[in-house]
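Me: Got a model here that I'd like to talk through. Can you take my questions as they come?

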Amino acid sequence: LYKLNPDSSSIANFESWAKGNVAFAVDIAHEVIAYLGRTDCHDRLAIWYAMDTLVVRHKAAFVPCFAPCLPKLLHRCMHPSADTAAAYAQLLSVWNKKSVWPPDVEAEIQALVVPKSIACSLLTLRMESENFRKDLQRFVAQASHNLTYMKQVSEAIVEQLCKAPLHRKTVIWKAIDALASGSYAFVLQIHVERLLEEHAPPYTTVFVNILQRWAYSNDIFPGSQELFTDFLKRYKKASV
């Protein structure tokens, strides 16, 4: 396991070895889980890939070994960065499309997988990209198609904003603005005042435009227009 890296040949070699030792599936799964827990965050992608290839390609042998532990592993050991977000999003998408996990744990797993997948999509957004508008639309569509997990998705987005470096905060506010124009307004409104005070980006016209739209429209965050107007005044004053 310590020799693994995310490239396909490394994962294929591991799969070949595991397939030849499938009689010891429980022990292999135990070692993968243990190694995942003690590996640094930036090195975990290869271990997740190893688990993925086992549960997707050798489902009968390995899914029962990993399924009971997966919710805890997702919570503790899957923390995508801007560099790894796209890879994790792809991995989670495969699990969704192929219905990898058994029904008795699927709901619990989905409640973790869906927010993490959407958080990964958020991390891949780049305002400087020529495809930003389309990428943002896809992000909103993904979130809107998973309203069952609206609360968890909102909390995942808030978490990403809180952890983001200053230069990444504006694009997350842009995503919040896009979601707030739809079904997510109510759940995001719970957090927005605290987030404004603690996680506003450095002065940008993009963020000013967002605040102005919120201040002048009662359709986005109803009843909060005075809050946005006051914050906008302080935000502009602080930038002078």
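Me: Which hand is the crossing where H1 passes H3?
Reply: H1 passes H3 in a right-handed crossing; a crossing is right-handed if the near helix is turned clockwise from the far one by less than a right angle, and left-handed if anticlockwise. Keep in mind that this is a predicted model, where local features need pLDDT of at least 70, side-chain atom pairs count only at pLDDT 80 or more, and totals for chains, interfaces and linings use all residues. Residues are numbered from 1 along each chain as its sequence is written, and side-chain values use heavy atoms, with hydrogens and water left out.

Me: OK, and at what angle do H1 and H3 pack?
Reply: About 50°, with the axes of H1 (residues 8-20) and H3 (residues 44-57) 10 Å apart. Axes here are lines fitted to C-alpha atoms, for helices over the stretch in contact, and angles run from 0 to 180 degrees between N-to-C directions. H1 and H3 are therefore oblique to each other (under 35 degrees is roughly parallel, over 145 roughly antiparallel, 65 to 115 roughly perpendicular, the rest oblique).

Me: Which residues of H1 and H3 meet?
Reply: From H1 it's Ile11, Phe14, Glu15 and Ala18, and from H3 it's Ala46, Tyr49, Ala50, Thr53, Leu54 and Arg57. Contact means heavy atoms within 4.5 Å. By class, the contact of H1 with H3 has 7 nonpolar, 1 polar and 2 charged residues (nonpolar is Ala, Val, Leu, Ile, Met, Phe, Trp, Tyr, Cys and Pro; charged is Asp, Glu, Lys and Arg; the others, Gly among them, are polar).

Me: How do H10 and H12 cross, left-handed or right-handed?
Reply: The axes of H10 (residues 166-180) and H12 (residues 205-216) come within 10 Å and cross at roughly 25°. That makes H10 roughly parallel to H12, and the crossing is left-handed. Thr170, Trp173, Lys174, Ile176 and Asp177 of H10 make the contact with Val206, Phe207, Ile210, Arg213 and Trp214 of H12. Those residues split into 6 nonpolar, 1 polar and 3 charged.

Me: Zooming out, how many helices and strands are there?
Reply: The protein has 13 helices and 0 strands, with helices (H or I, at least four residues) and strands (E, at least two) taken as DSSP runs numbered from the N terminus. Its C-alpha atoms fill a box of roughly 65 × 35 × 30 Å along the principal axes.

Me: How much of the protein is buried?
Reply: Buried residues make up 48% of the 240 (buried is under 20% relative accessible area, exposed over 50%, partly exposed in between, with a 1.4 Å probe and protein chains only).

Me: What about Ser121, buried or exposed?
Reply: Ser121, in H7, counts as buried because its relative accessibility is 16%. Leaving aside neighbours within four places in sequence, Ser121 is in contact with Phe139 and Gln142.

Me: Last one: what does Gly37 touch?
Reply: Not counting residues up to four places away in sequence, Gly37 touches Arg44 and Cys77. Gly37 sits in H2 (residues 25-38), and its C-alpha is separated by 7.9 Å from that of Leu73, 36 residues apart along the chain. With a relative accessible area of 45%, Gly37 is partly exposed.
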